[in-house]
Amino acid sequence: MATTTAQLILTSTDLLSDSLSVSAIGTLTGAGNSTGLTGTEGLGRKKLASGHAQYVLFEAGNRTADKAHKIYLKNTSTTAAEYFLITLNGEDMGRLYAGDWAFFPWSAHDSDNDIKIDPSADDMTLEYMLFTDD
Amino acid sequence: MATQAQLILTSDVSGDPTNVDTGLITLTKAGGTNELDQTTGLGRVHLRSTTNKVLFAANAEGNDLAAKVYIINKSEDAALYVTVTINAQTIGKLYGGDFMFIPWSQTDTAASIEVAATNWTSSTGDIPVEYALFHEDTDYLTNA
């Protein structure tokens with residue numbers, strides 16, 4: 001069985017008066033079961049050289065609905081002001097600023113549930129990976 | 001006040017193994033290098049309702065500022081999931097043990113992040129969820 005693990009480490013020594021340390025690790029499994037995810041679109045990179053218009057990164061219609069897909073995104077820019085706006089079926093999730101990453105489940109619950117990306121500038125590179133539960 | 005986040009992904013789904021390590025990334029305010037300096041702290045709730053509950057209420061003052069949301073389903077039952085939505089738009093389902101870490105722009109005051117124990121029943125037991133918000137808006141708390 002294929003095994004994919006995701007580990008998150010969150011740490012802060014001085015944000016609070018006591019230090020914060022969170023570690024979570026889990027195996028990515030199918031919806032409602034313990035079978036490891038077996039599909040991926042691979043680790044990829046995308047850069048729009050010009051026009052920096054919003055584009056569809058993942059089409060919901062290509063995925064089985066209401067499953068346990070997982071998405072990883074990273075803004076590889078080193079210019080602090082540059083961000084990718086992540087949008088989910090017209091609803092803004094958030095801005096991924098330079099160096100930031102995101103990891104989240106994606107239900108692809110209907111064909112409108114596309115993941116769209118809008119770079120704030122030209123020549124920005126997004127790193128991404130999708131683990132699928134089709 | 002450095003708060004840092006790291007993701008490590010390892011996978012043998014493909015023919016060759018995949019290893020992604022973001023390294024420890026400092027969480028910063030929008031458009032600059034100043035560090036995020038506020039947090040709700042690490043919280044925990046036990047969900048026992050299929051109805052959406054507001055976990056983080058969007059605030060106009062936070063519009064397009066930087067915020068980071070961490071949510072984990074601490075249930076040990078792989079079948080029990082928490083549906084996470086933003087402004088009624090489903091992001092995804094966190095099954096037992098799953099976590100998410102996302103930026104949150106609070107683009108409008110309807111963009112609250114909500115959770116629901118969608119397949120909870122009185123016989124499944126509660127679904128424990130832990131969460132934290134790191135943010136920069138100084139007026140995050142809702143007016144009384």
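What share of the 144 residues of chain B counts as buried? The figure is 46%, where a residue is buried if 20 or more other C-beta atoms, placed from the backbone, lie within 10 Å of its own.

Before going further, a word on the model. This is a predicted model, in which local features need pLDDT of at least 70 and side-chain atom pairs count only at pLDDT 80 or more, while totals for chains, interfaces and linings use all residues. Residues are numbered from 1 along each chain as its sequence is written, and chains are lettered from A and ligands numbered from 1 in the order in which they are written.

**Chain B and its confidence**

Chain B has zero helices and 12 strands; helices (H or I, at least four residues) and strands (E, at least two) are DSSP runs, numbered from the N terminus. Its C-alpha trace spans about 50 × 45 × 25 Å along the principal axes. Of the contacts in chain B with a separation of 6 or more, 73% come from residues 24 or more positions apart; a contact needs C-beta atoms, placed from the backbone, within 7 Å.

The table gathers pLDDT, the predictor's confidence in each residue, from 0 to 100.

| Part of chain B | Mean pLDDT |
|---|---|
| Chain B | 93 |
| Strand S4 (residues 38–39), lowest among the elements | 94 |
| Strand S10, highest among the elements | 98 |

In chain B, 97% of the residues reach a pLDDT of 70 or more. For the complex, the predictor gives an ipTM of 0.96 and a pTM of 0.96.

**Where the chains meet**

The contact between the chains takes 52 residues from chain B and 54 residues from chain A. On the chain B side, S1(B) gives the most, with nine residues. By class, that side of chain B has 27 nonpolar, 20 polar and five charged residues. Here Ala, Val, Leu, Ile, Met, Phe, Trp, Tyr, Cys and Pro count as nonpolar, Asp, Glu, Lys and Arg as charged, and the others, Gly among them, as polar.

S1(B) also runs antiparallel to strand S1 (residues 4–12) of chain A, joined by nine bridges; two strands pair if DSSP finds at least two bridges between them. Within this pairing, Ile9(A) has Gln6(B) as its bridge partner.

**A sheet in chain A**

Chain A holds an open sheet of four strands in the order S5-S10-S7-S8, with antiparallel pairing. Strand S5 (55–58) and strand S8 (91–97) of chain A stand at the edges with a single partner strand each, so one side of each is left without a neighbour in the sheet. Strand S7 (residues 83–88) of chain A pairs with S8(A) over six bridges, and Tyr83(A) stands opposite Tyr97(A) in S8(A).

How values were computed. Two residues are in contact if their C-beta atoms, placed from the backbone, lie within 7 Å. A residue is buried if 20 or more other C-beta atoms lie within 10 Å of its own, exposed if 12 or fewer, and partly exposed in between; C-beta atoms are placed from the backbone.
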